[in-house]
Amino acid sequence: MAEYVWLIVLIPLIGFLINGIGGLSSEAYRKQKTLIGTIATISVFIPFLIALQIFFGMGADSEPYVARLFTWIEAGSFSSEVAYRVDQLSIIMALVVTGVGALIHLYSMGYMKDDEGYWKFFAYLNLFIFAMLNLVLGNNLILLFLGWEGVGVCSYLLIGYWYGDMAKSDAAKKAFVFNRVGDFAFLVAMFLVFRAVGSLDFDIILNNLSAFTPEITFWVAVLMFIGATGKSAQIPLFVWLPDAMAGPTPVSALIHAATMVTSGIYLISRFSSMYVLTPEAMLIVAIIGGLTAIVAATIAITQYDIKKVLAYSTVSQLGFMFLALGSGGFIAAMFHVVTHAFFKACLFLGSGSVIHAMHHVEHELEHEGKDVHFDPQDMRYMGGLKKYMPSTYWTFLLSTFAIAGIPVFSGFFSKDEILAFVFNAGMGEYSYIYFALWGMAVLTAFLTAYYMFRLTLTTFHGTFKLPSKVKGAEDSEKYLHESPSTMTIPLWILGGLAVIGGFMGVPDFFVTTFTSSDIKINWLHAWLDGVTSDSALVLSYGTKWILVAIAILIAVFATVLAYRNYDNDKGEASDAALEKRFGSLYQVWSDKYKIDEIYDASIIQPTFKLSDRVLAVFDMKIVDGFVNAVGGTVRFFGSLLRFVQTGVVQTYALVFIIGVILVLSLIIF
Amino acid sequence: MIGIEWYLGVSAVLFIIGVIGVLTRGNAIIIFMCVELMLSAVNITLVAFSSFMGDVHGMILVFFVLCVAAAEACVGLAIIIAIFRNNITADINKINLLRW
Amino acid sequence: MEILNDLLNYLPAAIVAVGGLVVMMMDGYKAKSRLIYQTTMFFLAGALVIATYDLLYQEVGTLFSDMAASGSTAAFGTFIVVFGTFFTVILTHDYLIGVKHNYPQVYPLLMFCTVGMIVLATANDLVTVFIGLETMSISLYALAGIIRDKQLGVESALKYFILGAFSTGFFLYGIALLYGATGSTNLSEIGAYTDGSMIYWGGVSMLLVAFFFKISAVPFHMWTPDVYTGSPTTITAYMSTASKTAAIVALVLILERALPYAADQITSTMAIIAIMTMVLGNTVAMVQDNVKRMLAYSSIAHVGYLLVGLAAGTDLGFTAVLYYLLAYSLMNIGAFGVVAYYEKNHDVHFNNIESYAGLGYKQPLMGILLSVFLLSLAGIPPLAGFIGKYLVFAAAVEAGLINLVIIGVLASAASAYFYLRVMVYLYFKESKEPVKLMKPLRVYSFSLVVLAVLTLYFGILPAGITELIASYFSGNGLAIVP
């Protein structure tokens, strides 16, 4: 079955071509929205089925299968081929990409129903899936890099999908510059690898790691990681991701949560056997991951835009995954990639469903002839949506449980494994740093549970606040409605996966502690053990159980705290609390980050100030300033140099003579 | 017997005079004449080498150079006339519409 | 009869030369411009067929008593040159009618220029190199000023002519010195020389200088922006592709055959020139508002990438350079072709980037074509430009020129800015004044589509052509030719 792997990659491309060419050439075709959506969805769903078939035909001990299609570039000693690789790691990624991708396509059919460029949207989505599959299935670094660039291009296209001129070019510029920095590092890493090994095939590279000197290994690892920080939004290159939320919500779910942003984790997992050779690089990965996790989590607490909260949450969770990678928990990171794809996609789609409903309200009010405008993504206008949108509410709640790490939900297992690995890394070299990182990770886990319940409770519990907050929107709740079934079905499937997804990686010691047998219940670990180089866990059963207990306690404590603060089902009293909260907000309205009084939790105060004053300023002034400065400097030199071009022939001849002297001296001396 | 160095020296000096002429003179026609001077200087080198090595290739090349120089003169003068028609000047310092 | 056999192997040049004479006579007898154009196309099509045949089947050897080479790089160079001329003539015909200066003299000039290029690309002796180079250059001087009542055109012709003749002096001096040092003008015989005297090194420097000038490497590039901006746009396309191809193919041959002894010095020189070229070309292109001038600086930048491959000096490097030339010819003729199309609907000032606002939607096909060519120039996969850059940089890495590659990759990344800027204007800006674009002639848009498709094809499936080129350098090719 594995020999049909090329079909997985090809079919989305065909879907893209059909919709792209059809839409470009025929006005009539563009109106066939159901047809377009169906073609696009099917051309992702069929690859999913094929991937599933291949997956069932494999075992944990199957040899990697490489489907060589054709030689792509051949020039003397250098050659590169188009070849797709099926092994335990790539098939997991392919399943996530196609599976979650198909669901999001289905969802988009409902979400984008009234959009002008329906065909364009689906064509881009299919193109994205094609590029992403090249990234995860490619058998050499070149194909991976092509996919890497391809998903970047699609991501820009889709970010700018709904935007006016100015903002579009700004957001695109930001994403463009930040990803270029990463891409450049990745390219240099590729060249270093090629120089050392003479090939870019994964097999050849990973079997010839001895060809690298320790310095080269270190630099390749660090440069690849820098590439990953761009694509996977880590410090210092993470700032583009929140801006990218400007795109349509399904795009955020697919590209900026479930698939593209995890490609950095895939890359490092793929080269895990190289990373374990260089503990310093691992340490760098872990530190950056840990810092990103906590920084993003603290920012997420301050946000009111529901998509922004989810965006910062994504950055934070990606930081978690890098922390796992840096601690030697490659499988744990991949585990979190998978569970995160389930619950974060579900959360984003849920938020899309909410935004869809709020848009509808705005639209209907306008229909009534009322001139009402409000931000449909602002959670302060929401509340009480539970009653009107039960499917959205329940799936959103389940996913919140999962991301918060409440036991038996999927996020619990993957996050727990990451924490265990970070703690485990503390037993080895750089002990104190890893322990500090572990502490940060626990704090992040707490914050995660806290801001996610804040989001869920404010949005769905209590009463609908739009009528009381916006003049002219009285009785507007009658326009609230549940989204159509094309949108709720994917929600339920993803919600279900978010609940049960964790059972693929239940730690072995859950059973072995009690039975003293050597039974392996951790399916994912067994599955990926052959393709990654996980560190061994040296912790005793006691320590492991204590870590689990801490994780559970933290999650439950954060949940209870958030429930106490944000659940509004207590009638007048909580309304008064709300008013008090918003009252303080009005005072600092012009300075929207100054909302520290709202959050009474004493732990949050200091970190919050950091995120508000320092980090926001850092983002706005330093980073943007840096980008502008670099661009400005280059342009400045360009403008200087152009004036050498005086238009007078004799100047040209003079420069020519200078050149002659230069060449003469270079050749002779 | 005059050594080959003398021929080469004269030719180099002539060549450099040509180069300096191109760099300093303002009139397009004089610049063009300086270029011709450079070509002729090279011809001296070629002939000198050819004669000292007893090899005929260099002399043949000189004929080609003369041909090419003639053709170049043709086109060059035509262009200068066209410029003169458009600009009423042959001063190349004033011909600088195209710049930056 | 050996001479007949040689002539048979030199058929593309012969056909184009005869064609040039025929169309010149036709012009003399005041034939209709359209008929002259058709005759030109007839001869060029014949030459293109033969050149394609030669590219695939011609045997490696030398012709005319070692004066010219056949097969391998020679056939490859001939093919690109004829191919480029073929499309240039199609575009030029329409362009000149569009700008209302339909001079039929352009056709014989183009033909003679092409003959010069073929002679240059197939030269196996410094004398032939000189003849080819001069035939090409003199025709180009005239072509640059072909619209003789436009001040800009004539000015660019004058600048090109003065500097070109100036560089010819240096070129000839280089030949003379090399001849004096080695006692021969034959490339292989020069290559046998291994006794570095001052005269030899002087000759090598002068020769390189002349080639740097012809391919517009910094600091010998000063004529390029002015000439490219002032010349008729399709002629610019021709100058920037075919003439550079011919010169670089000849340079590859000279480096490989005649100057292996100087390889180390040449590598370090090329590396420095390449850095200057890439940096200057890309930075100054960023601040240009005239699209033609931007493309001129971009072509300087591309020469920088080519020099990276030449600096590597390995088989892979030369292979990369030849592939790059093919890719570059396709995309650059294409890009200038679309620019010429936009221009011919308006006057020359139309080349300002502001006036491109919103044009992408006016004639969608032309907008898409320009986007494809620009993306390829920027080196975005899966287009041919990407593979070219990739091969060039890979060759340099293999040769250990890591610093050079880092600068090259950075410069290339920065270059995306000014290519994409044009696309931003095409698609994301509103036009200030209503612009009406005429529908392009079918043959015009068709030939551009062909170029775009080839750009895409060689980007996705370059294996065939790269293998072919690599075979030129893999031992049984040029290296052992006497």
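Predicted model: local features only at pLDDT ≥ 70, side-chain atom pairs only at ≥ 80, totals over all residues.
Local features need pLDDT of at least 70 and side-chain atom pairs count only at pLDDT 80 or more, while totals for chains, interfaces and linings use all residues. Residues are numbered from 1 along each chain as its sequence is written, and chains are lettered from A in the order in which they are written.

**View 1. Helix α13 of chain C, residues 291-312.** Helices are DSSP runs (H or I, at least four residues) numbered from the N terminus. From first to last C-alpha, the 22 residues of α13(C) reach 32 Å, close to the 32 Å expected (1.5 Å times one less than the number of residues). Of its 22 residues, 22 are buried (20 or more other C-beta atoms within 10 Å of a residue's own, with C-beta atoms placed from the backbone). C:Gly313 follows α13(C) and has a positive phi, near 70°.

**View 2. Packing of α14 (residues 315-344) and α15 (residues 364-378) in chain C.** The helices pack at about 145°, with axes 9 Å apart; axes are lines fitted to C-alpha atoms over the stretch in contact, and angles run from 0 to 180 degrees between N-to-C directions. Residues in contact (C-beta atoms, placed from the backbone, within 7 Å) include C:Met331 and C:Tyr341 of α14(C) and C:Phe373 of α15(C). By class, the contact has ten nonpolar, two polar and no charged residues. Nonpolar covers Ala, Val, Leu, Ile, Met, Phe, Trp, Tyr, Cys and Pro, charged covers Asp, Glu, Lys and Arg, and the others, Gly among them, are polar.

**View 3. Contact between chain A and chain B.** Eleven residues of chain A meet ten of chain B. On the chain A side, helix α28 (residues 649-668) gives the largest share, five residues. That side divides into six nonpolar, four polar and one charged.

Key
Helix = DSSP H or I, 4+ residues; strand = E, 2+ residues; numbered from the N terminus. Buried ≥ 20, exposed ≤ 12 C-beta atoms within 10 Å, placed from the backbone. Contact = placed C-beta atoms within 7 Å.
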